[in-house]
4 protein chains.
Amino acid sequence: MSITLKQAEKIIEVAKQKSIDLDTKMNIAIVDSGANLLAFVRMDGAWIGSTDIALKKAKTARLFDMNTGNIGALSQPGGTLYNIEHSNNGLITFPGGVPIKNQEGDVVGAIGVSGSTVENDHAVAEAGANAYSTAPVLQ
Amino acid sequence: MSITLKQAEKIIEVAKQKSIDLDTKMNIAIVDSGANLLAFVRMDGAWIGSTDIALKKAKTARLFDMNTGNIGALSQPGGTLYNIEHSNNGLITFPGGVPIKNQEGDVVGAIGVSGSTVENDHAVAEAGANAYSTAPVLQ
Amino acid sequence: MSITLKQAEKIIEVAKQKSIDLDTKMNIAIVDSGANLLAFVRMDGAWIGSTDIALKKAKTARLFDMNTGNIGALSQPGGTLYNIEHSNNGLITFPGGVPIKNQEGDVVGAIGVSGSTVENDHAVAEAGANAYSTAPVLQ
Amino acid sequence: MSITLKQAEKIIEVAKQKSIDLDTKMNIAIVDSGANLLAFVRMDGAWIGSTDIALKKAKTARLFDMNTGNIGALSQPGGTLYNIEHSNNGLITFPGGVPIKNQEGDVVGAIGVSGSTVENDHAVAEAGANAYSTAPVLQ
């Protein structure tokens with residue numbers, strides 16, 4: 001089971017609004033349950049270099065079904081997953097990638113956000129993912 | 001000068017509608033004047049493999065400021081641009097990528113479409129690009 | 001919806017038997033509905049270089065939901081999809097990749113086979129895919 | 001001298017059982033004595049992103065004929081093999097990759113496992129490798 005484009009677009013709308021609320025300019029990527037790209041937007045003035053980071057955060061969050069920052073906590077020097085970023089044609093393991101789960105808790109996609117501090121990136125990603133998890137944006 | 005995200009989203013809307021009119025399911029990518037990804041959607045049921053092709057068509061169209069099919073006509077065996085597809089981390093040179101020009105004729109971005117025959121891909125890309133060129137979708 | 005590992009293993013069994021019947025030695029790869037690798041075997045004595053080809057054939061068949069040979073017929077010089085192989089980190093477009101469909105016709109994965117002539121590769125892939133399509137190997 | 005496919009499949013069976021005993025879902029890869037992929041399975045529900053990691057762990061273990069974790073101990077900042085992960089199109093150097101040795105101690109392949117903690121990954125890989133080393137799974 002995977003989210004639809006319509007759902008992805010609504011998730012992006014929520015994330016964009018959260019980004020505006022935080023006075024930031026974000027790249028926002030959504031992948032489906034197969035970790036394949038479904039939708040993407042770069043807000044005007046957002047860092048161009050954050051496009052690839054947002055794409056990789058979304059991919060990473062779905063590949064491991066967890067927030068990207070959780071992986072980064074383990075991939076530091078001396079950590080149990082040191083240099084895991086070399087796998088899967090490149091991962092991004094700092095915060096900003098969040099799995100999208102349905103109300104049953106199944107992972108149906110993921111969102112990746114990049115363009116500000118990792119705290120803001122994560123807040124925007126979480127806002128998007130929560131919009132779906134708590135009240136599936138289906139209509 | 002480059003198109004904005006709002007304009008890109010409107011171009012995508014026009015392209016999606018054209019795709020529906022043709023009874024097809026498309027991947028649609030928009031790059032800005034720097035050939036960097038600005039917005040993307042994959043319509044439900046569209047080929048997953050066409051995502052990368054749509055991205056590369058949009059990039060290719062802006063990198064050379066011409067329709068991708070025009071490059072493909074020159075990249076055949078014996079052609080003057082034989083195997084140009086090896087450059088720029090991969091080009092796609094069959095139809096479906098179209099530069100987006102403003103009313104003065106300046107290239108301000110490009111659209112890449114993939115998911116059906118190359119004729120349909122091109123028709124959808126052209127519909128999107130023309131929506132901007134003939135009546136900038138600004139409002 | 002995607003095939004399970006147990007189903008993939010049964011499909012591989014059927015494909016291995018077909019390969020033995022044809023007196024060939026094959027690489028056999030199965031991807032799930034997200035085009036991600038699910039199972040793989042290289043029969044003893046099979047070409048090592050065919051491993052990557054089998055993997056790419058399975059991926060290609062799912063990315064475009066068609067037999068790989070159908071794409072190759074269009075990607076020749078002068079064809080409408082010339083050099084499509086440059087997309088998606090490398091495609092293989094000669095025969096030997098076949099989508100796996102359930103009895104409702106939905107694509108739930110794909111099989112890629114490489115190690116002999118393309119006719120044999122395709123025959124083995126088709127035998128595996130048909131084993132599922134005509135009588136889902138679920139038990 | 002290298003393990004056969006039949007042996008690889010039996011090693012995978014042992015590893016799968018160990019994975020079930022530990023209540024985990026694993027990606028399990030076996031490479032031959034040439035460090036080339038011989039067999040692979042992804043258990044249902046295992047992380048998609050662990051596929052590439054399992055493949056790289058198996059490759060890494062055979063490329064250097066040692067447990068991957070041993071390399072990771074030396075590839076840390078300040079270590080003698082700092083960032084060795086950049087070689088060979090990407091290595092994984094945390095635990096989960098184990099060489100497969102015959103009763104004479106010759107390396108005849110390797111197993112890579114990914115899907116849980118590195119302790120569990122290693123335990124499953126070791127169970128598979130030991131099944132061969134202590135009692136070659138030939139029948």
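Mentor: Helices (H or I, at least four residues) and strands (E, at least two) are taken here as DSSP runs, numbered from the N terminus. The model is predicted: local features need pLDDT of at least 70 and side-chain atom pairs count only at pLDDT 80 or more, whereas totals for chains, interfaces and linings use all residues. Residues are numbered from 1 along each chain as its sequence is written, chains are lettered from A and ligands numbered from 1 in the order in which they are written, and side-chain values use heavy atoms, with hydrogens and water left out.

We may begin with B:Lys16, which belongs to helix 1 (residues 5-21) of chain B. Its relative accessible area is 11%, which makes B:Lys16 buried (under 20% relative accessible area; exposed is over 50% and partly exposed lies in between, with a 1.4 Å probe and protein chains only). Apart from neighbours within four places in sequence, B:Lys16 is in contact (heavy atoms within 4.5 Å) with A:Leu5 and A:Glu9 of chain A, and with B:Ile28, B:Val41 and B:Met43 of its own chain. B:Lys16 also takes part with A:Glu9 and B:Glu13 in a network of salt bridges, each such bridge being a side-chain nitrogen of Lys or Arg within 4 Å of a carboxyl oxygen of Asp or Glu.

Over all chains, the whole structure has 24 salt bridges. One of them joins the side chains of D:Glu13 and D:Lys16, at 3.5 Å from N to O. Both residues lie in helix 1 (residues 5-21) of chain D, 3 residues apart, or about one turn of the helix. D:Glu13 is partly exposed at 46% relative accessibility, while D:Lys16 is buried at 11%.

Another bridge in chain D connects D:Lys57 with D:Asp121, whose closest N and O atoms are 3.1 Å apart. Here distant parts of the chain are linked, with D:Lys57 in helix 2 (residues 50-64) and D:Asp121 in helix 4 (residues 118-134), 64 residues apart. D:Lys57 is buried at 0% relative accessibility, and D:Asp121 is buried at 2%.

Interface size is often given as the accessible area lost when the parts come together. Between them, chain B and chain C bury about 1400 Å² (accessible area, 1.4 Å probe, that two parts lose on being put together, summed over both), with 63% of it on carbon and sulfur atoms. In chain B, B:Trp47, B:Ile48 and B:Phe94 lose the most area to chain C, together 34% of what that side buries.

Between chain B and chain C there are 0 salt bridges, but 9 residue pairs, both members at pLDDT 80 or more, are in polar contact. A polar contact is a pair of N or O atoms within 3.5 Å; within protein, one must be able to donate a hydrogen and the other to accept it, and residues adjacent in sequence count only if both atoms are side-chain atoms.

Chain A and chain D can be treated in like manner. Chain A is laid on chain D with an RMSD of 0.1 Å by a turn of 90° and a shift of 0.1 Å along the axis, and A:Pro77 has the C-alpha of chain A nearest the axis, 4.4 Å from it. In this pair, 16 residues of chain A are in contact with 19 residues of chain D, and about 1400 Å² is buried between the two chains. Their interface has 0 salt bridges and 9 residue pairs in polar contact, both at pLDDT 80 or more.

Methods:
Copies are superposed by least squares on the C-alpha atoms of residues with pLDDT of at least 70 in both.
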